[in-house]
Amino acid sequence: MNKKEILEKFSADPQRYYNVNLFEDQGFERKSCTTCNRFFWTLDSERVKCPDHSDDTYSFIGDPPTSKRFDYTQSWKEVESFFVKNNHTSINRYPVVCRWRDDLYFTIASIVDFQRVMGSKVVFEFPANPLVVPQTCLRFKDLENVGVTGRHFSSFCMIGQHSIPNDNGYWKDECVNLDFNLLTQQFGIAKKEITFVEDVWEGGGSFGSSLEYFVRGLELGNAVFTEFQGDLSDYKTLDQRIIDMGAGLERFAWITMGTPTAYDCCFGPITEKLIQQAGIDTNSSVLVPYFTEIAKNLELYDDLSQVRKNAIKTTGLSDEQINRIITPLEGIYLIIDHIRTLIFAISDGALPSNVGGGYNLRIMLRRIVSTMGRLKLKFDLDEIIDIQIDYLKNTYPELEKTREDVKEIISIETGRYDSSKQRMQKIVSKLNKEPKVEDLITLYESDGVTPEYLKEMKVISEIPSSFYSKLSDLHQSKKQKDQVNLPLEGVADTELLFYEDDPREFDAKVLKSFENCVVLDRTAFYARGGGQEPDHGKIAGQEIVDITKHGNIVVHEIKGNVPKEGDTVSCVVDAKRRDGITKNHTSTHIINTSARSVLGSWVWQHSAFKEEDHARLDITHHSALTDEDVKKIEDAANSIIEKSIPVKIENFDRGTAEQKYGFRIYQGGVVPVKSVRIVSIGDLDIEACGGTHVANTSDVEQIKITRTKRIQDGVVRIEFVSGDSAKEFVKKKQQDSEDKEKEGKLKEQEKEKRLEQRQIAKEKIPIIAKSLLECKQGTATIDEITIEIAESGKVNFCYSTSDNYDDVFHIGLGESLCKNDPKMVYCGLFEQGEKIRVIVYAGDDISKEKSAGDIVKSISQILGGAGGGSPKFAQGGGTDKSKKEDAIKNAKSMIIE
Ligand SMILES: [Zn+2]
Ligand SMILES: [Zn+2]
């Protein structure tokens, strides 16, 4: 089933699918375009072509069809007041970061606000009916068009007009009637100017007719009537039909202003300001014809550079005019557009990064910086942000709260880009041929080199039009869960006792047993889920290995004998383990809110893990945490504990919870059920969560952050402990530091003792030496040092094996003795730790005959080691302490023959 087939079928029966009361009442004529045969409805008897092929296409540029002029802000006020007057509820925009859908990073259309995925089905939840919403939508597929075409934005405001046809809502007739009146009455567009074109819509298994409405070739809106389900050959009407009318607010402003581009009337005063700063002459008469040509050519060519070339040729612009006016204008439009998108995205908690949707934000920021570099524009980004928020807050007052956060993130990210330029330069200098699209993608993906930078460096002249869409596709990762097929058909849902009085012991009936698994009619065992690890415990005396949830059925995997179906079994939950996990779970919420208050509004839970004795929380943050950050977060967390705040758990209808608390509740991801369990810690932290929690923050007792780590671009891991584990951690840390202190003290004492000994030795050496030298014959021992005067009179030998002396002493004494007696050989043997060391000195005269080196070598060998040196001084040693006396004897025999 494709759109063409549906359109053919529907257009063959216009009475049924397209004719609405308005067409009858006003006398609209249905015609077929003489160029493309498309069917359209008009009040203009002379019109023979569809809006795409009419001569008046884009003739509103420089000549708007209305007498009233509305900019972006005013246009929304007009739209809103019109619909409110007509019984619609005006609701606030939803976040641009699509927290309620697993398959989308960003909100791409107003209808997405109300879509909730339940299994394979999409259901609609409307907070009011009918309603109108100024929904900011982000779309990154056409980035290369932004700034150039006059009408492409990376984010735009979709006026969403939605209705469910029931007692409150309406269907086709009233919808088209309202849209017609909005254009004619509220905006003052002549009836004849409005053309409705027949079209169809299909997606996600449903489809329906639609009417696009155009004024002078500009599509202002598209009213989609989602009506059927199934296949063209066999379809039925949906239980819940939906009106999905989406219109571009920027285009409403543009058609009334008739400016050369939509950018000129949609960003507020910042555009004029930057144009002035850059010194561009916008009074130039070339702008209207140039951008009209661009708009027209856009329908004719796929390639943007071709569109641009043609427009330049047709309007006869000189190179000088292009360089002086058009190119810098395109740059300014791009910069303002991209910053506006970043303001919304960062305000709603997205961060530029290399992963997921964050990549789109990073690439936009790099385009901004590169464009400024290429065009040598020196703009103050903070000022642009300020002026834009001042303007946007007329429609979106919530942006005021995150003004400084937006500036902070953009400044950090800009700094990073600047510092990466040197590296990029190196990579670029190695390129030896012009890169193709695939090369560009590799360059960006693996080296962070953007095509904008390559353009800035004149490596490429144009960015290939497929670059952004290819890159976007690459990053459109869809989370896919492994499907496990268990024999659970026909098994009743498990009653979850942990959501009730949560007993630690209970009896239950076995509904199903297979392999080593068992399903009970009721359970208090918490199944693995939401980052919370499963309980442990026993079923009929058998130990539980794992617990998982499949839909609403809890499956317990056990070790040993599996009880039979129909048995009643007694169950015991491991209370200590559950207690630890529960404290850690509440702590995760406490740390999450603490981190947000310390770091900034961009902090969201990325993922979490809670075990009995440890846990971790991964948060979105731009940089690694400093010690100071960690201390502040820990202090904030512990002060929440000290405040003894009750932890409240309530169940809400999902839509009610979203309206009441906003989308911050989705910290743990999407909730695929109609009723959400809201866990709130005062008004500090409110999350949709299915986990187990303490009753009061004081039950957590203490939180201690044990480690933090930047685990990926834009994500920081916080590891922590709570309750008893935190106390143990603190105790152990204290013990460690005490031990360390003790060890330090001991070392200090040893050092002092050594110094003292050295001082004593220093004073003692001259006295001992003097006494020894006084000995003129025979043998003498003074202070454990023995001197032997050889009978031959050729050599004097002095030695000591006392451990009371260290190396400093022996060196000092040996040197002193040999200096005063050139016939002296000194030998000191002493234990040092595991070793026994030897130091030998020989006086000037004797050293020629009895070399200190030879003596040490020989002694060391006896001691089981090695050593050596010069004839006058040598040292060595070994490990065999028992050979001390043998060694001295050997020395003596070598010296005194
Ligand atoms: Zn046509
Ligand atoms: Zn939770």
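Predicted model: local features only at pLDDT ≥ 70, side-chain atom pairs only at ≥ 80, totals over all residues.
Residues are numbered from 1 along each chain as its sequence is written, chains are lettered from A and ligands numbered from 1 in the order in which they are written, and side-chain values use heavy atoms, with hydrogens and water left out.

Cys33 (SG), Cys36 (SG), Cys50 (SG) and His53 (ND1) coordinate the zinc ion at 2.1 to 2.4 Å, donors being N, O and S atoms within 2.8 Å of the metal (3.2 Å for Na, K and Ca). Along the chain, their spacing reads C-x2-C-x13-C-x2-H. Cysteine 50 is buried at 4% relative accessibility, whereas histidine 53 is partly exposed at 31% (buried means under 20% relative accessible area, exposed over 50%, partly exposed in between, with a 1.4 Å probe and protein chains only).

Turning to the cysteines elsewhere, the count of disulfides is zero, a disulfide being a pair of cysteine sulfur atoms within 2.5 Å. For cysteine 98, the closest cysteine sulfur belongs to cysteine 137 and is 10 Å away, too far for a bond; cysteine 98 is buried, at 3% relative accessibility. Likewise, the sulfur of cysteine 775 is 9.3 Å from its closest counterpart, in cysteine 798, and therefore too far for a bond. Cysteine 775 is also buried, with a relative accessible area of 16%.

Four strands form an open sheet in the order E20-E21-E26-E25, with antiparallel pairing; strands (E, at least two residues) and helices (H or I, at least four) are DSSP runs numbered from the N terminus, and two strands pair if DSSP finds at least two bridges between them. Strands E20 (605-610) and E25 (703-712) stand at the edges with a single partner strand each, so one side of each lacks a neighbour in the sheet. From one strand to the next, the twist averages 15 degrees, with axes fitted to C-alpha atoms (for helices over the stretch in contact) and angles running from 0 to 180 degrees between N-to-C directions. Five bridges join E20 to strand E21 (residues 615-620) in the antiparallel sense.
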